[in-house]
Amino acid sequence: MTENALRRLEIIAGHLNDTEYKEWRTLSPSQTLAVCTNREKKWNGYGYKDTFFRFDDRGTASLLGNRFEHFSSKEYHELRPWLEQTLRINLKTTCPAQPTMVEIHSPEVNHDFYDTIRPQGVIISFAEQDRLLHGHGISTIEIYKLRYGNFNRLPDAVIWPESHKQVEVIVKAAQKFNVGCIPYGGGSNYVDALECPVEKEKRMIVSLDMRQMNRILSLNNENMSVTVEAGAIAKDLEMELRKLGYSLGWNAESIEFSTVGGLAALRSSGLRRSMYGDFENSIINMKFVTPIGTIQQRGTSTSSPPIYSGPDITNLLLGSEGTLGVITELTFKLHYLAPFHRYVSLYFPSFHQGLLFLREVAQKKVVNNLSGARLIDEIGLQLVQGFNPTTPTITTVFKEVLKKYYLKKFKKLEIGKMCLAAILIDGYDLSKMEVYEKRILNVGENFGGVNAGYDLGERMFFMSKGLPYLRDFLLDYYAVSDYLDTSTSWSNIEELVTRVKETIVTTCRAQSVRPRPYIAVRVDHLYETGASLTFTYGFNCRNLADPLGTLRRVDQVALVEILKSNGSVSHYTTGIGKRKKESFIESLSEPAIEIMKNVKKTLDPTNIFCNQNLL
Ligand SMILES: Cc1cc2nc3c(=O)[nH]c(=O)nc-3n(C[C@H](O)[C@H](O)[C@H](O)COP(=O)(O)OP(=O)(O)OC[C@H]3O[C@@H](n4cnc5c(N)ncnc54)[C@H](O)[C@@H]3O)c2cc1C
């Protein structure tokens, strides 16, 4: 009997035996090879092929495509002047990407391994295009290499496992025949987590693309839980759940590309974590295939509340970044979907005042239904303003001048100093949401805040999705940019921000970067004790001998400064990968490093999970 037939019998038996509603539902519309999902993605840039920035004949920037409701197919009249001024881009001086990758090495093939897995029906490809696509994530350095350079080592083959059983077979065979494995989710990480090891790695390396494992395995209405295969794209799952009135809640901003397994492997979270809780807290159960066997903490079909006894093994494996094994299945708790959303935004006279406001919101729980919050500094505000999709007319220009005058004269808000905060509220009852909105505005006023309206709030939240597209576009004009995230206590935020910004400026100067780099900081996630921060920085690289080297140097020096200034090595949105590895090790105590090394030795004694992230 085939595996599929067996599965179907199991499901029918399940229907007869218990209260769980079970089905095998494939989430992604691409029923066949997951490589199909890549047809829509750029090979040498972030995101969808149909979504990109462009300057038209008049030099006006626009975002093409129709993926973002209020922002796609719109013109951004203020963007070019701002980019010319800050990053000194010149429309006539362009730096186009190479049309194809320079050279792709021939694959190393371990025939014993291949002969063992092939008869099991495992789909495997040695095609250059597949290998290239699976050899990287979307960090600036990786995109730069795709556009202008090369990768030293790519996976030798790509495998699309279709079931937990197949993953077990593959991992066993890899162990037996000494083959390296790198699990692949949606390729949306920023930390070089998917790159192959370069030195001393002569073995065949296979990339395990999990996206064929994208089925909902069971959904329990009574217990509000869902079990899903780990290769499910988070957005596909969310859309399916929404049809039933549920939501996963946290909502990572890379939801259209990330898989739930990839998110678990990087210990991720998302925009709406304040309301629905973090990703890791929503995981009830996990199946994890290691070379010494499958780890599953709580039986096969339980969706019981968390067990608070003894050490939590699941938590030890979350954030393991593909270094210990493969996540094949996850059980999540579900939330009822809040149908209404409101964005509130406020100008503040300074970053300091904005911080005081957010601290009050976080510590005094000003509203119950707060989903997300943002605060952008005065430099970041200029970029948010550049993303203005309104076409200027005499009336809008006049209104803008009047607004600036009013803000300065009556509200003491000076252009160049003021910053912007935005709050997202999700709710079930519109009238209550209006009350919450008023309450937020009232609290804001106590700190000198002025209502900036719905649209700016929405734009602030859109920025995280739009920025990677802008980053790629700017490479065409010799401008490189990147970002770093961290978290720290409320009392330390301002000092950390000042020191990191100074460090980036000094390092850029020492690396002959001219003019001064662009650096903005944004507060992302609020906690009672502190908040997370994202630094975005960029500079013109036209006259630099080694733009990539300079970017690496700035990145590493800034990371060291973040740690010295009592910031964490990372926050949710990135993970560690190879990019932050040194700083991560630096941040751990000796016994902690010892524990991690021993866990690795125990679960993966021959290092078949060879991506060299973390340690
Ligand atoms: C625009 C944008 C917004 C983002 N916003 C967020 C956000 O809001 N929150 C957030 O947390 N992150 C965010 N990220 C970062 C990124 O999406 C996450 O890090 C995500 O976890 C990557 O998931 P993936 O499926 O793409 O994994 P990949 O990039 O494919 O892999 C990441 C790592 O996980 C390992 N891995 C993947 N799948 C498995 C598996 N099944 N088993 C074991 N290991 C596995 C890989 O080996 C690799 O080391 C954002 C990224 C972008 C580009």
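Mentor: Two strands pair if DSSP finds at least two bridges between them. Helices (H or I, at least four residues) and strands (E, at least two) are DSSP runs, numbered from the N terminus. This is a predicted model, in which local features need pLDDT of at least 70, side-chain atom pairs count only at pLDDT 80 or more, and totals for chains, interfaces and linings use all residues. Residues are numbered from 1 along each chain as its sequence is written, and side-chain values use heavy atoms, with hydrogens and water left out.

Trainee: Which residue in S22 is the bridge partner of Val523?
Mentor: Strand S21 pairs with strand S22 (residues 530-540) in the antiparallel sense over 7 bridges. A hairpin of 3 residues joins S21 to S22. Within S22, the partner of Val523 is Leu533.

Trainee: Which residue stands opposite Val523 in the pairing of S17 with S21?
Mentor: Strand S17 (residues 370-376) and S21 are antiparallel, with 2 bridges. Opposite Val523 of S21 stands Leu375.

Trainee: How many of the residues of strand S21 are buried?
Mentor: Buried means under 20% relative accessible area, with exposed over 50% and partly exposed in between (1.4 Å probe, protein chains only). Strand S21 (residues 518-526) is largely enclosed by the rest of the structure, because the buried residues number 9 of the 9.

Trainee: In what order do the 3 strands of the open sheet lie?
Mentor: The edge strands are S2 (53-55) and S4 (74-76), each pairing on one side only. S2 is joined to strand S3 (residues 61-63) by 3 bridges, running antiparallel, and Phe53 stands opposite Leu63 in S3. The order is S2-S3-S4.

Trainee: Which strands does helix H2 touch?
Mentor: Contact means heavy atoms within 4.5 Å. Axes are lines fitted to C-alpha atoms, for helices over the stretch in contact, and angles run from 0 to 180 degrees between N-to-C directions. Helix H2 (residues 79-86) packs on the sheet with its direction at about 90 degrees to that of S2, touching S2, S3 and S4.

Trainee: Why does H17 count as roughly antiparallel to H18?
Mentor: Angles under 35 degrees count as roughly parallel, over 145 as roughly antiparallel, 65 to 115 as roughly perpendicular and the rest as oblique. Helix H17 (residues 493-510) and helix H18 (residues 547-564) have axes 9 Å apart. Their packing angle is about 155 degrees, which means that H17 is roughly antiparallel to H18.
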